[in-house]
Amino acid sequence: MNSPKRDALATGQVLLEVDDLHVRFDTLNGPARAVDGVSYTVRAGQTLGVVGESGCGKSVTAMAVLRLLPTPPARLRGAVRLRGTDLLTLSEAQMRGIRGNRISMIFQEPMTSLNPVLSVGRQIAETVRLHQKASRAEAMARAVDMLRLVQIPEPERRANEYPHQMSGGMRQRVMIALALACNPEVLIADEPTTALDVTIQAQIVELIKRLQRELGMGVVMITHDLGVVAESCDRVVVMYAGRKDEEADVQDLFDRPLHPYTRALMASMPSMNTQSARLTEIPGLVPSPLAARRGCAFAARCPHADARCNAEVPALSDQGSGHGVACFAVEEGRLAPMEALSA
């Protein structure tokens, strides 16, 4: 079976725009702010990294893009445009034609995402039949082709196996095959290397990069691992407590980190060049999404915060070369340059 046809995507063409996205959850203790005005753009042939510690809103943003959050308790505001069409205004029936077809997602844990009672080939084939209206034979042939594409050995035999018969790395490759089965325009990879050993992590990252080059899709790489960002991304968004604190080209971010939170993340990374036996830690805790919030969300943990930081919310300001940062200390010139970390 031939690959599903798409309109040709020119490299750099805007595919996905997340514009001032807000996500609130209704809880017994009041509204919880999970995403607070996040914006970013995904272009054809490019990888956007979304980085931050656990609980910063990375995955919730991705789930909101795909409209996978039940409403209520979730309440969404803003816009999510796929080649100009606002997904937040579509019906559920229309969204079913987009999920897994024009936008696909690789979830964090393949063992809980794959159906344990269906063979991996059948799971891929069902996606093809649903979105491409293929026959059973055509869909299974496509499933085998996809397993071969992600470099699973003996794909004809493996297509008849079940998830529990495969290793973690194999299951992750199946998830990638499932996500790419309908040749999506945008691929969202949510922590695709979590719980995999270092060798397999490198293989998965390289596989996604290779497939992106071949298919021309845009990729959103959600991760807390700055090493994955340096290896695989063209542009990076740094999130903290549901907000975007910094955005830049990957090399610029590593050469010139500006936001105190970005600097703290980089300082906490192990390095072969450091003489210190201890890693730098970020003091304090991430603020609760239920807590009333004034000023910069990072102010309570930031050594450069002043009264203005605790009272006002900084807007993202352009620092040149498309490098944006939301920080009063940067705007006012109160931070000394940080030693560059080569990507």
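Which residues lie nearest the centre of the largest cavity? They are Cys296, Cys302, Cys309, Cys327 and Phe328, among the 14 residues that line it. A cavity here is a set of points on a 1 Å grid over the protein atoms alone where a 1.4 Å probe fits but cannot get out, and lining residues have an atom within 4 Å of a point.

Before going on, please note that this is a predicted model, where local features need pLDDT of at least 70, side-chain atom pairs count only at pLDDT 80 or more, and totals for chains, interfaces and linings use all residues. Residues are numbered from 1 along each chain as its sequence is written, and side-chain values use heavy atoms, without hydrogens and water.

The lining of the largest cavity divides into 12 nonpolar, two polar and no charged residues.

| Pair | Angle between axes | Axis distance |
|---|---|---|
| α5 (residues 136-149) and α7 (residues 168-180) | about 130° | 9 Å |
| α4 (residues 120-132) and α7 | about 20° | 9 Å |

The angle makes α5 oblique to α7, whereas α4 and α7 are roughly parallel (under 35 degrees is roughly parallel, over 145 roughly antiparallel, 65 to 115 roughly perpendicular, and the rest oblique).

In α5, Arg142, Met146 and Leu147 meet Val174, Ala177 and Leu180 of α7, where contact means heavy atoms within 4.5 Å. These residues comprise five nonpolar, no polar and one charged.

From α4, Val120, Gln123, Ile124 and Thr127 touch Val174, Ala177 and Leu178 of α7. That contact has five nonpolar, two polar and no charged residues.

Definitions and conventions: On a 1 Å grid over the protein atoms alone, a cavity is a set of points where a 1.4 Å probe fits but cannot get out, and a pocket is an open set with protein on both sides within 12 Å along at least five of seven lines; lining residues have an atom within 4 Å of a point. Ala, Val, Leu, Ile, Met, Phe, Trp, Tyr, Cys and Pro count as nonpolar, Asp, Glu, Lys and Arg as charged, and the others, Gly among them, as polar. Axes are lines fitted to C-alpha atoms, for helices over the stretch in contact, and angles run from 0 to 180 degrees between N-to-C directions. Helices (H or I, at least four residues) and strands (E, at least two) are DSSP runs, numbered from the N terminus.
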